[in-house]
Amino acid sequence: AGPRTALAQRLGVAGEDRPLLGALNKFYKFTPGLFDAYCHVLKTHPSALLVLVQYRHYREGIATLRREAALRGVSPARVVSVPEGSHAEFMQVGAGSDIFLDTTYPLSNGHTT
C-alpha cells in the first residue's frame, strides 16, 4: 500500500473519501489566527480531517486543539493524530497527507524534515 493508504489505515478511515490535511509542526507554532484558518478549511471541506502528530513533550496538545476546534464550530473528532515516531515514520505521515498545512512566519521556514 502507498503512503496515503497506510496513513488512512492508521487513522481508521481506510476506504473513506476523507481528505487528510497534514499539519505536522510542533504545536507552539500554531497561533490562534493560524488555527482559525485551519478550522475554516475544515468547515469549508466537511469530510476533511486535520492530521496532527501527538508529540511526546506536548501530551495535552491534541486535547487542547480538539477543544479549540469545537469552539470554532468544528467537530473535535475531525482533529486526529498519530503518535510521534521515527523520522522515517514522520516522513510517511507527510507523504500520506493529501495536503500539507504549514505554519506562518516567523514560525516557519518552509519545510518539515
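**Notes on an aromatic cluster and a helix crossing**

1. Buried here means under 20% relative accessible area, while exposed means over 50% and partly exposed is in between (1.4 Å probe, protein chains only). Please keep in mind that the model is predicted, so local features need pLDDT of at least 70 and side-chain atom pairs count only at pLDDT 80 or more, whereas totals for chains, interfaces and linings use all residues. Residues are numbered from 1 along each chain as its sequence is written, and side-chain values use heavy atoms, with hydrogens and water left out.

2. The partner of F35 is Y38, and the two rings form an edge-to-face aromatic pair, 6.4 Å centre to centre with 65° between the planes. Rings of Phe, Tyr and Trp (its six-membered ring) pair if their centres lie within 6.5 Å; planes under 30 degrees apart count as stacked, over 60 as edge-to-face and the rest as tilted. F35 and Y38 are 3 residues apart in helix α2 (residues 32-44), so about one helical turn separates them. Helices (H or I, at least four residues) and strands (E, at least two) are DSSP runs, numbered from the N terminus.

3. Y38 deserves a look of its own. It is buried, with a relative accessible area of 4%. Not counting residues up to four places away in sequence, Y38 touches A23, F30, L50, L101, D102 and T103; contact means heavy atoms within 4.5 Å.

4. How many aromatic pairs does the ring rule give? The count comes to 6. One of them joins F27 and F30, whose ring centres are 5.7 Å apart with planes at 70°, so this pair is edge-to-face. Both F27 and F30 are buried. Ring pairs link F27, F30, F35, Y38, Y55 and Y58 into a cluster.

5. Over the ring of Y55 sits the charged end of K26, 4.7 Å from the ring centre; the rule asks for NZ of Lys or CZ of Arg within 6 Å of the ring centre and within 35 degrees of the ring normal. Y58 lies in the loop between β2 (49-54) and α3 (61-71) and is buried, with a relative accessible area of 18%. Leaving aside neighbours within four places in sequence, Y58 is in contact with K26, F27 and Y28.

6. N25 belongs to another loop, the one between β1 (20-22) and α2. This residue is buried too, at a relative accessible area of 5%. N25 and L101 are 76 residues apart along the chain, yet 8.9 Å separates their C-alpha atoms.

7. Finally, the helix crossing. Helices α1 (residues 3-11) and α4 (residues 87-96) pack at about 105°, with their axes 7 Å apart, which makes α1 roughly perpendicular to α4. Axes are lines fitted to C-alpha atoms, for helices over the stretch in contact, and angles run from 0 to 180 degrees between N-to-C directions. Under 35 degrees counts as roughly parallel, over 145 as roughly antiparallel, 65 to 115 as roughly perpendicular and the rest as oblique. From α1 the contact uses P3, R4, L7 and R10, and from α4 it uses Q92, V93, A95 and G96.
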